[in-house]
Amino acid sequence: MKIYVMVDMEGISGVCCSAQLDRPKGGVSAGQQYMTWDVNACVDGCFRGGATEVVVQDAHDAHHNLIWDQLDGRGLYVQGKQRGRRMPALKGSDGLILLGYHAMAGVPEAVLEHTMSPAEWQNFWINGRLAGEIAVDAGIAGDQGIPVIMVSGDD
């Protein structure tokens, strides 16, 4: 059973402000550490639940946020911007997990809310309804017949 995990940072456990996302020069941000820990817990849970393959794609900012020497070695990891396709290795997956997602732009009192890029996108509609990154990625998976089996994020 192949599970695909898309991971963002703004909704990761413990992230509550933008300062946690900023990398110190030559160092690692708190958000990167928390993101790596959440990914490891997710990968472990997937294998405990019967997965035979777990692919994790970094979907935050420049897409190179995971701390490589701390990652669970059983997972396969995709980092760096994927030109032209949001989830290029999704095909053939049995389920999609959206890990560490955040509220869409405009949600009152949300933590670090935005849609795709706070500077470039504010609103996105699917079939006439406002949608955020959760709906976008769930739609991509649904179009391929792949169910979203878990979503985690900010409250």
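Residues are numbered from 1 along each chain as its sequence is written, and side-chain values use heavy atoms, with hydrogens and water left out. Because the model is predicted, local features need pLDDT of at least 70 and side-chain atom pairs count only at pLDDT 80 or more, while totals for chains, interfaces and linings use all residues.

Q: In what order do the 5 strands of the open sheet stand?
A: Strands here are DSSP runs of E with at least two residues, helices are runs of H or I with at least four, and both are numbered from the N terminus. Two strands pair if DSSP finds at least two bridges between them, and β1 and β4 pair in the parallel sense over 5 bridges. The pairing in the open sheet is parallel, and the order of its strands is β3-β2-β1-β4-β7.

Q: Which strands stand at the edges of this sheet?
A: An edge strand has a single partner, so one side of it is left without a neighbour in the sheet. That description applies to β3 (76–78) and β7 (148–153).

Q: At about what angle does α1 run to β2?
A: Axes are lines fitted to C-alpha atoms, for helices over the stretch in contact, and angles run from 0 to 180 degrees between N-to-C directions. Contact means heavy atoms within 4.5 Å. Helix α1 lies across β1, β2, β3 and β4, and its angle to β2 is about 160 degrees.

Q: Is Leu99 buried or exposed?
A: Leu99 belongs to strand β4 (residues 95–101), where Val7 stands opposite Leu99. Leaving aside neighbours within four places in sequence, the contacts of Leu99 include Val5, Asp38, Cys42 and Met150. Buried means under 20% relative accessible area, exposed over 50% and partly exposed in between, with a 1.4 Å probe and protein chains only. The relative accessible area of Leu99 is 4%, so this residue is buried.

Q: Why is the pair of Tyr34 and Trp37 tilted?
A: Rings of Phe, Tyr and Trp (its six-membered ring) pair if their centres lie within 6.5 Å, and planes under 30 degrees apart count as stacked, over 60 as edge-to-face and the rest as tilted. Tyr34 and Trp37 both lie in helix α1, 3 residues apart, about one turn of the helix. Their ring centres are 5.9 Å apart and the pair is tilted because the planes stand at 35 degrees.

Q: How is the pair of Trp68 and Tyr77 classed, and what is the angle of the planes?
A: Tyr77 counts as buried, at 17% relative accessibility. The ring centres of Trp68 and Tyr77 are 5.9 Å apart, and the pair is edge-to-face because the planes are at 80 degrees.

Q: How many disulfides does the count come to?
A: A disulfide is a pair of cysteine sulfur atoms within 2.5 Å. Cys42 is in no disulfide, since the nearest cysteine sulfur, that of Cys46, is 4.2 Å away. The count comes to 0 disulfides.
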